Amino acid sequence: KKTQLNFKLVLLGDAAVGKSSCVERFVKNEFFEFQQPTIGAAFLTQTIPLEDYIVKFEIWDTAGQERYRSLAPMYYRGAAAALVVYDITDPDSFDGAKTWIQELQRQGAADIVIGLAGNKLDLSSQRKIDSKEAKSFADENGCIFYETSAKTGANVQEIFVAIAQKLPKN
Ligand code: GTP
Ligand code: MG
């Protein structure tokens, strides 16, 4: 039987970028056009079987609305991993993602694994953020990067698996 390792993962990002939708896709393989804004935060778990062990993510899906901003440190404190989400059609949300990554690097755990998700890839005809620009920002900051679509499911499992694989195993 494979060993199970538990890791706390926090989702951060501006309101309506699709944090909850990415988690719903990852955990339940569902998508809702009328996903409600998160109030405070939501807790979910999901396991990923890797080659030699099972990673269990204990996921805190935070609320992106400004009024909840001050709660975020409670959720990223002690997190082994973070998934920072922006919307590829919304430049403000990309600026927001950069701010979250800087904050995590200053205030988060020293060895935190950070993923950057450019979500709503299905809306690429309305794209405002160049994928090369986002990729180089991620590379400069040591982050895993994928463009995702919670709607179609594109790259959602992939980004969580890439985070799981990068987590320290001891
Ligand atoms: P807060 O909880 O308020 O911080 O928002 P959130 O980041 O959790 O966003 P949420 O998942 O609630 O999604 C916001 C809206 O975007 C909803 O109407 C979703 O259906 C839609 N949405 C989320 N992901 C995608 C996507 O990949 N593509 C498209 N087209 N719409 C998406
Ligand atoms: Mg939400």
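Q: In this predicted model, is Val84 buried or exposed?
A: Val84 is found in strand β4. Its relative accessible area is 0%. The cut-off for buried is under 20%, so Val84 counts as buried.

Q: Which residues does Val84 touch, not counting residues up to four places away in sequence?
A: Strand β4 holds Val84. Residues up to four places away in sequence are left out of the count. The residues touched are Leu12, Ala97, Trp100, Ile101, Leu104, Ile114, Gly115, Leu116 and Ala117.

Q: What distance separates the C-alpha atoms of Val84 and Gly96?
A: Val84 and Gly96 are twelve residues apart along the chain. Their C-alpha atoms are separated by 9.3 Å.

Q: How many bridges join β2 to β3?
A: A hairpin of three residues connects β2 to β3. The two strands run antiparallel. One bridge pair is Gln46 with Phe57 in β3. The number of bridges joining β2 to β3 is nine.

Q: Which residue in β6 is the bridge partner of Leu116?
A: β5 and β6 run parallel and are joined by four bridges. For Leu116, the bridge partner in β6 is Phe145.

Q: Which element gives the most to the largest nonpolar core?
A: This core has 26 residues, and Leu9, Phe57, Leu83, Phe160 and Ile163 touch the most other members. At least two residues each come from β1 (3–12), α1 (19–28), β2 (41–49), β3 (53–62), β4 (81–87), β5 (113–119) and α5 (156–166). With six residues, the element that gives the most is α5.

Q: How many residues make up the second, separate core?
A: Nonpolar side chains tend to be buried together in soluble globular proteins. Here a second core stands separate, and its members include Tyr75, Ala97, Trp100 and Ala134. The number of residues in this core is 24.

Q: Which residues is Leu83 in contact with, leaving aside its neighbours within four places in sequence?
A: Leu83 is among the residues that touch the most other members of the largest nonpolar core. Neighbours within four places in sequence are left aside. The contacts are Leu9, Val10, Leu11, Leu12, Gly115, Leu116, Ala117, Ile159, Phe160 and Ile163.

Q: Is α3 roughly parallel or roughly perpendicular to α4?
A: Helix α3 (residues 91–107) and helix α4 (residues 131–140) pack with their axes 12 Å apart. The angle between them is about 5°. Angles under 35 degrees count as roughly parallel. The relation of α3 to α4 is therefore roughly parallel.

Q: Is α1 roughly parallel or roughly perpendicular to α5?
A: The axes of α1 and α5 lie 9 Å apart, at an angle of about 85°. Angles of 65 to 115 degrees count as roughly perpendicular. So the relation of α1 to α5 is roughly perpendicular.

Q: Which residues in α5 do Cys22, Arg25 and Phe26 in α1 meet?
A: The residues of the contact of α1 with α5 divide into four nonpolar, one polar and one charged. On the α1 side are Cys22, Arg25 and Phe26. In α5 they meet Val156, Gln157 and Phe160.

Q: What is the phi of Lys120?
A: Lys120 lies in the loop between β5 and α4. At 24% relative accessibility, Lys120 is partly exposed. Most residues other than glycine have a negative phi. Lys120 has a positive value, near 70°.

Q: Where is Asn155, a residue with phi near 65°?
A: The phi of Asn155 is positive, although the residue is not glycine. Asn155 counts as partly exposed, at 25% relative accessibility. Its place is in the loop between β6 and α5.

Terms used
Residues numbered from 1 in each chain as written. Chains lettered and ligands numbered in written order. Predicted model: local features only at pLDDT ≥ 70, side-chain atom pairs only at ≥ 80, totals over all residues. Heavy atoms only, no water. Core = buried A, V, L, I, M, F, W, Y, C linked by side-chain atoms within 4.5 Å. Buried < 20%, exposed > 50% of the residue type's maximum accessible area, 1.4 Å probe, protein only. Contact = heavy atoms within 4.5 Å. Axes fitted to C-alpha atoms, helices over the stretch in contact; angles between N-to-C directions. Parallel < 35°, antiparallel > 145°, perpendicular 65-115°, else oblique. Pairing = 2+ DSSP bridges. Nonpolar A, V, L, I, M, F, W, Y, C, P; charged D, E, K, R; others polar.
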